[in-house]
Amino acid sequence: MNSMRKGVQKIFSEVARTYELVNHILTFGLDILWRRKAARLAARANGSLWLDVCSGTGEMALNLTRVANEKVRIFSLDFCQPMISRALEKRNIPNLVFVLGDAGCLPFPDQIFDLITISFATRNINPNREVLLEHLREFYRVLRPGARFVNLETSQPSSKIIRKLFHLYIKLAVKHLGFLLSGSRAGYSYLAFTIPRFFSPEEFSSIIRQAGFTRVSYEPLFLSVSAIHLAVK
């Protein structure tokens with residue numbers, strides 16, 4: 001693991017204890033609704049094996065268990081042990097399996113999953129466009145033909161005024177309030193840095209297509225500050 005990924009791993013180890021609470025406060029609870037919506041869209045996938053990558057404390061994986069039928073087995077993968085430990089504190093769910101692993105080198109064979117989801121973590125696998133593409137191609141590798149990819153992430157509003165206000169809120173609230181609530185200055189300085197620099201929905205859609213996916217679409221959420229991207233292998 002390179003030094004940058006080790007740094008990101010260290011940051012998320014620091015914020016694991018308060019991560020969910022801070023997210024809920026900074027988004028006024030909207031992140032809860034957005035994950036539920038993404039899970040409902042993801043549930044349209046067929047098959048019996050689903051994977052949530054960069055799963056963190058398991059919020060998205062838990063939402064998937066609520067919309068999946070009893071035959072679906074869900075894997076929740078993250079590279080940060082403290083995050084997985086927090087996830088394991090949730091109620092035990094028989095069809096949910098937690099895996100310690102790297103999203104850039106998934107410990108699974110080719111064409112095994114019917115669905116991959118990722119929520120509010122794509123920014124963290126995006127030091128540059130090429131590295132992001134490598135990760136998306138790795139997701140593509142483990143998906144079966146016809147399988148679905150669902151990506152929930154912050155986005156860039158098309159309105160210049162809304163975008164400027166959004167970025168100002170990120171600079172003031174995420175960086176400073178995040179630090180006050182979590183005690184991690186580095187953690188929320190990092191998050192405040194990555195959010196304004198992520199792609200517009202059109203740019204990210206293009207990158208998803210470049211990774212090999214088809215039928216790429218997106219649904220903007222609340223003034224387009226976030227978006228759900230959908231794609232098919």
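Helices here are DSSP runs of H or I with at least four residues, and strands are runs of E with at least two, both numbered from the N terminus. Leu177 sits in one of these, helix H7.

Before going on, a note on the model. It is predicted, so local features need pLDDT of at least 70 and side-chain atom pairs pLDDT 80 or more, while totals for chains, interfaces and linings use all residues. Residues are numbered from 1 along each chain as its sequence is written, and side-chain values use heavy atoms, without hydrogens and water.

Leu177 is partly exposed at 32% relative accessible area (buried is under 20%, exposed over 50%, partly exposed in between, with a 1.4 Å probe and protein chains only). Together with Leu21, Ile25, Leu180 and Leu181, Leu177 makes a nonpolar surface patch of about 430 Å². Patch residues have over 30% relative accessible area and no salt bridge; like charges are joined within 9 Å, and nonpolar side chains (Val, Leu, Ile, Met, Phe, Trp, Tyr) within 5 Å. The areas come from the Shrake-Rupley method with a 1.4 Å probe, and for residues only the protein chains shown count as cover. Helix H7 (160-182) gives the most to the patch, three residues.

Next, salt bridges: a side-chain nitrogen of Lys or Arg within 4 Å of a carboxyl oxygen of Asp or Glu. The structure has eight. In one of them, Glu153 meets Arg123 at 2.4 Å, N to O. Glu153 is in strand E5 and Arg123 in the loop between E4 and H6, 30 residues apart. Are these two buried or exposed? Glu153 is buried at 1%, and Arg123 is buried at 7%.
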